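I opened my notebook with the model on the screen beside me. Here is what I looked up, entry by entry.

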Amino acid sequence: MILAMDTSTYVLGVALGDKEAVKAEWTTYEKKNHSLRLMPGIDHVMKSINVEPSDLSGIAVTTGPGSYTGVRIGVSTAKAMASALQIPIYDVSSLEALASNRRFGNGLVCSFIDARRGQVYAGVYEAREGDLQAVFQEKLWLLDDLLAELASRSLPVYFLSLDVDLHRDNIQQALGSKASFGGATDSRIKPAEILRIALDKPPVSNVHALVPRYLQLAEAEKNWRKVQGDHE
Amino acid sequence: MPRILAIETSCDETAVAIVEDGKNIISNIVASQMEIHQRFGGVVPEVASRHHVENMTMVVEEAMSAAKMSYKDLDAIAVTEGPGLVGALLVGVNTAKGLAYAHDLPLLPVHHIGGHIHAAQLVAEVEYPTLALVVSGGHTSLIYMPKEGVYEGVGETRDDAVGEAYDKVARTIGLSYPGGPEIDRLAAKGEVTIDFPRAWLEDGSYDFSFSGLKSAVLNYIHNAKQRGEEVVPENVAASFQASVTDVLVERSRRAASEYDVKQFLVTGGVAANRELRSSMESEFPAEGNVELVIPPLSLCTDNAAMIGAAAQIAWKKGLRAGYDLNGEPGLLLG
Ligand SMILES: [Zn+2]
């Protein structure tokens, strides 16, 4: 039995399942502190189908990109459980999990989160009969560059993001009728998709080495590196 | 005889210890980020949080293997709930919850300052009533404990923590971060030639204030430079340190006699300061009626053994945290 958790956005998600089926799935949309609610949520989902921690054979967690604090809460919890139970841990991208909501569509799927100053952190995938192939590795883009790149391709693009309204106008301007957008229920990560992705890939070889996917270097680190560069 | 695994991540040390009965250290691991933050001239919260996530489970496993224990040998998981940097606290708190949940162990919340105070248990039998002076980069507190587990704040800094004042003054005389050890080293070679102010505040107050002193040092250096006079850093360090120590010792002496305590505990990173130690030792001599307890440096700076020691009190009181435990950056003691 694998336990999956997601705290990368304000949506909190927990799921339990194995190769055969999803056994339980729980999400909330409250904009409340994940630290207060993640472990009670896990406990709730586990109890709802009578699963004990010792029944777990793996932990899957979204490592971002997303809210730094949110992701750290999930990753800390997941690493602690995997380490204490000596079971494997699975590193799942929150962008890939989100894009999976459209894996039965046709064309391109772009999942993103806003990264301020005209930037987005985005993943671009091609959906083919339930399978997602990465077209670009997830990375930080200037939205204008990303849209120009997508406009140069013939396939339609389906956008999925909790931040979609921030950029809807820009996207429509650049892509016209080639762009379409997920609705509210498609724009959040479904914990069962985290399970599915985890079950399809090898676990992380070293639990300790699992770290969040940050959008950028910490500000202080960036400045320090700039100064170092200037001195070279 | 509970065996408690304790976690501390309130600032820039990722620390895990296993402590038995609140006094025997079975293992005590600290992964310090000091070198990382040195380049920034101080602790950067986001950087600290990132390193905690990176190191946390490794430090847990190191503490377990150093203790040659498995989870079935443990009775509880303790963690610093606050105060501290919220992002840093959250890593420890959520790790503690994950460990506790995985093995159905009780979860004990610990106050960071309580941890500093109860570090004394690791080196001495604490006798109540007692007073504790907690001095570090983040805290300057004088706390009275009529009996175990009861804390009354007696004095508190109104502005900078004493360690913070050290860091700022160190920067102005061109020393590296952290400033405490550097100033202490320099002061040992200098003389008290400058009469920096002592902030006595109102009559009878036990509070502290170090911002005026910090500005006085700044002004002194500025004025000396303007007049083309030579600044002797050794003497500035010695004079600054004398001013700090005078106030700390005066408050301690007065409180110890007013509260009529059996012991006086000095703890926190600044307790490593040689000048402060020797002044405290002459204030509370071995043959006197107040016993002075200053834990060794490794237990004075942030560590998890002290959290394990303090957790013993939560254990005895029957205090247990739920799975909704959160990091509390402004948590009050008591
Ligand atoms: Zn401290």
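I started in chain B, where P129(B) turned up in the loop between α4 (112–118) and β6 (130–135). I keep in mind throughout that this is a predicted model. The peptide bond joining Y128(B) to P129(B) is cis, and its omega is about 0°.

P83(B) has its place in the loop between β4 (76–82) and α3 (86–102) of chain B. I noted both because most peptide bonds are trans.

Next I turned to phi angles in chain A. N50(A) is not a glycine, yet its phi is positive, near 60°. I found N50(A) in the loop between α1 and β4 (58–62) of chain A. Is N50(A) buried or exposed? Its relative accessibility is 70%, and exposed means over 50%, so N50(A) counts as exposed.

R117(A) is another entry of this kind: it has a positive phi of about 50° and is not a glycine. R117(A) sits in the loop between β6 and β7 (119–128) of chain A. With a relative accessible area of 69%, R117(A) is exposed. I wrote these two residues down because most residues other than glycine have a negative phi.

**Surface patch**

I went on to the surface of chain A. Which residues form a nonpolar patch there? They are Y10(A), Y29(A) and L162(A), and together they have about 260 Å² of accessible area.

**Cavity**

How many cavities of 30 Å³ or more does a search of the whole structure find? It finds 1. I noted a volume of about 30 Å³ for the largest cavity. Its lining comes from P197(B), R198(B), A199(B), S209(B), F210(B), L213(B), S243(B) and V247(B). Sorted by class, I have 5 nonpolar, 2 polar and 1 charged residues in that lining.

**Second largest pocket**

I also looked up the second largest pocket, which holds about 700 Å³ of space. I found 29 residues lining the second largest pocket, and the closest to its centre are G66(A), D114(A), A115(A), R116(A) and L215(A). Which elements each supply at least two residues of this lining? From chain A I listed α3 (94–99), β6 (107–114) and α7 (219–231), and from chain B α2 (45–66). The lining of this pocket divides into 13 nonpolar, 8 polar and 8 charged residues.

My last stop was M306(B), which lies in helix α11 (residues 305–317) of chain B.

Note on methods: Residues are numbered from 1 along each chain as its sequence is written. Chains are lettered from A and ligands numbered from 1 in the order in which they are written. This is a predicted model: local features need pLDDT of at least 70, side-chain atom pairs count only at pLDDT 80 or more; totals for chains, interfaces and linings use all residues. Side-chain values use heavy atoms; hydrogens and water are left out. Patches are made of residues with over 30% relative accessible area and no salt bridge: like charges are joined within 9 Å, nonpolar side chains (Val, Leu, Ile, Met, Phe, Trp, Tyr) within 5 Å. Accessible areas come from the Shrake-Rupley method with a 1.4 Å probe; for residues, only the protein chains shown count as cover. A salt bridge is a side-chain nitrogen of Lys or Arg within 4 Å of a carboxyl oxygen of Asp or Glu. On a 1 Å grid over the protein atoms alone, a cavity is a set of points where a 1.4 Å probe fits but cannot get out, and a pocket is an open set with protein on both sides within 12 Å along at least five of seven lines; lining residues have an atom within 4 Å of a point. Grid points are joined across faces, edges and corners, and a volume is the space filled by probe spheres set on the points. Ala, Val, Leu, Ile, Met, Phe, Trp, Tyr, Cys and Pro count as nonpolar, Asp, Glu, Lys and Arg as charged, and the others, Gly among them, as polar. Helices (H or I, at least four residues) and strands (E, at least two) are DSSP runs, numbered from the N terminus. Buried means under 20% relative accessible area, exposed over 50%, partly exposed in between (1.4 Å probe, protein chains only).
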